[in-house]
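I opened this model to look up strand pairing, core packing and aromatic contacts. My entries follow in the order I made them.

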Amino acid sequence: MSIRRARRWGAALLGATLAAGLLGGGSASALAAAEPVPDGTYLFNAKITFGDVRACSGALIDPNWVVTAKSCFADGAAAAATGAPAETTTALVGRTDLTTAAGVQRRVTHIVPHPDRNLALARLSAPATGVPTVALAAAAPAATETLLVTGYGRTATEWVPNRLHQGSFTVQDVTAGSVGLAGASAGATLCKGDAGAPAFRVGAGAVELVAIAGTSWQKGCLGESETREGATATRVDDLGAWVREQLADVQIFGVLAGGQLTYSAIDSATGDLRANRQSTATLGFTPKAMATLNENTILITDTGGTLYRVDVTGHDPLTFTKANLGTGWSAYDRLTYDGYGSLYYINGVTNQLYRRTITRAKPGISDLTGLVAVSTGFGQKTITSPAPGRILGTHPDGRLLSYRIYGDGPGGWAVSTLAATGWAGPTHLVSPGGGHYYARSSTGRLDRYRDANPVDGSGTDIQSFPADPVSTSGWSQTLLSARPWAGLVPVFGTRADGRLSYTALDPVTGTKTVSTVSTQTLGFTPRAMATLNSDTIVMTGTNAHLYRVDITSHEPLAFTVSAPIATSGWTHERLVYDGNGGLYGTAAGFLRRYRLTKAKPGNGDFPAWPVYDGNGDPATGFSLPTLGATGRNRLIATAGSKLVAYDVDADNVWHRTDLAATGWSDMKSLVTPGGGHYYRLDAAGGLTGYLDLSPFNGSGTDVSAYVPTAGTSTGWDPILSAVPYDSWPDSIRRW
């Protein structure tokens, strides 16, 4: 048998048994007969841990993405599938010596397996800032070329080495999707744990990723008796277009006049169009309005009033199925979804805005609940949702309008004019979130805009790119809709030992998507806390000091603590921020209000407003066991067994409304990011979610238990604080 045939046969055999072999190794280990990589070298390398099942190697190709072997994410007999990995998965990048604290560790939130090759992209929970990436090679590997391979797998002498290892390999042969490798020096081979290891060329100071390790005979690896040599790696040099499409963070769906579905992928940073394709099949009905819920779910109404759910089954080629959800939608000609459970739609005859709550990722008609008739007067030409509870719309008279929607009734919504003129031309306006807007003109041009703060009600910070649009032509869809960046409810907490916790909830399902605890401690005993934005918390201590805590990393959770902003007078038992410049606290039965003037406040950045002593509220004053902020100058609290709401009017006068007379006692905390999402922490440490359809209407009859439930969501810290939906900056809301 020739060496070439032996390698091919061996690679296939190993591929069938790789997962089983790794299961026995636990934290699999690097290259046999290899040299340790010097500290600080090839920092793009990644060690990937797939639950307690296996460990693999990989390479950081973008601050948000790692490439590795698809087989790394196989769960038993189940192959890796697009979406969240089947096991809790982490990627450690930038750490040559695993015994040090160099580099960063991130959770893997999403994987994209290649359809035909043993390769997958793994999205990190947050960018691996400060760690260099490796570029994909543009030239194919050539026979006899020497490539360097680095990995964290087993060696000839170590089962679980603590260092990244390297070895030189010679290209034996090249096929359309793979490359055969042989050790360039005696004994060099790939071992378990090296699946996904980068194989790259180094020349003229540049490093290019050519392939990633896939299979090997493992001759010379510790515990192996195989005598045959050789390995197979998966080529990446010809996957540039596919990789760039997966890395694009803006996805826009559309419908053509002929009924075909379209799909486009755009890089938000550059505006580059990474993919643009249409389905062969047609919808089979005449569409009227559409809203994208997630990467594979769209709601579309037809001119006859039927609401369909369109399930995207593939992006390349673009394929889909559809389900009839029901009738009665004929009047509604504008739809949008905010990613946080709220579907908005407008009656084209009355210009009435409605909102429904979506309770499943792939809803049926029974999962569109909680109908709220917000108000009339919504005559926008086109609408989109740029953030939770917000609508952005263009008016026929040229205005660009931003709405904050809380529900119906007094104070149920507010509007800001971002631009008085210039927006009459776009036929469509779509936004995935994050301050990225895309406007389609009647000539088929797609322009892009960047809003530095999409929740401040101002348009002075909107940047346009007239000389650099996404496309100057070609956008002929009759409908367009952007996939919203996934919503999260971020909650920080403190523990008795001074550690900080961070948890992120899915507001639609109540699922914990992130749950981390810091290793460091605050250095003081916390008493109350208020989260200002995703990176900033203010806390009072039992010493009556006020501190600012700056979050430097969410996963793992890390922070710095400022010197006390104030060293006296901060005896607050409760502290909340309304996301709109109002910091509230209770102390000794008084309610205190402060005007916040900076995202990162220091001493002097908390000018006081009036102090409220509870006069007119003799039952409790402001000795409240819990306190949350639902919006600008709006609070929610418990008083005894009651659920109560407070608001402060333009004359700085406070008002109380009792929402529920009983059922709200024995609570440790009540937190809310706004938007009618309430989360109550009971004495046993369980968290229950509630949804208030109209949090400003003065009624509690529309408050109902939602997700999560205390029985399924336990272990929460006694002091909790949510990031307000209205706060900015926000570094954690991503798809």
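**Strand pairing**

I began with E30 and strand E31 (residues 436-440), which pair in the antiparallel sense over 4 bridges. Strands here are DSSP runs of at least two residues, helices (H or I) runs of at least four, both numbered from the N terminus. Two strands pair if DSSP finds at least two bridges between them. I noted Val 430 opposite Tyr 438 in E31.

The model is predicted: local features need pLDDT of at least 70, side-chain atom pairs count only at pLDDT 80 or more, and totals for chains, interfaces and linings use all residues. Residues are numbered from 1 along each chain as its sequence is written, and side-chain values use heavy atoms, without hydrogens and water.

I then looked up the sheet: it is open, has 4 strands in the order E30-E31-E32-E33, and pairs antiparallel. Which strands stand at the edges? Strand E30 (428-433) and strand E33 (462-464) do, each with a single partner strand, so one side of each has no neighbour in the sheet.

**Core**

Next I checked the largest nonpolar core, which has 40 residues. Such a core is a set of buried Ala, Val, Leu, Ile, Met, Phe, Trp, Tyr and Cys residues joined through side-chain atoms within 4.5 Å. Buried means under 20% relative accessible area, exposed over 50%, partly exposed in between (1.4 Å probe, protein chains only). Leu 60, Val 67 and Phe 73 are among the residues with the most contacts inside the core. Strand E3 (54-62) and helix H2 (240-247) are among the elements that each supply at least two of its residues.

I listed contacts (heavy atoms within 4.5 Å) for Leu 60, leaving aside neighbours within four places in sequence; they include Phe 44, Trp 65, Val 93 and Leu 124.

**Aromatic pairs**

How many aromatic pairs does a search of the whole structure find? It finds 25. Rings of Phe, Tyr and Trp (its six-membered ring) pair if their centres lie within 6.5 Å; planes under 30 degrees apart count as stacked, over 60 as edge-to-face and the rest as tilted.

I looked at Tyr 340 and Tyr 725: the ring centres are 5.2 Å apart and the planes at 70°, so the pair is edge-to-face. The two residues lie 385 residues apart in the chain. Tyr 340 is buried at 4% relative accessible area, and Tyr 725 is buried at 2%.

I also noted one aromatic cluster, formed by Trp 329, Tyr 332, Tyr 345 and Tyr 354.
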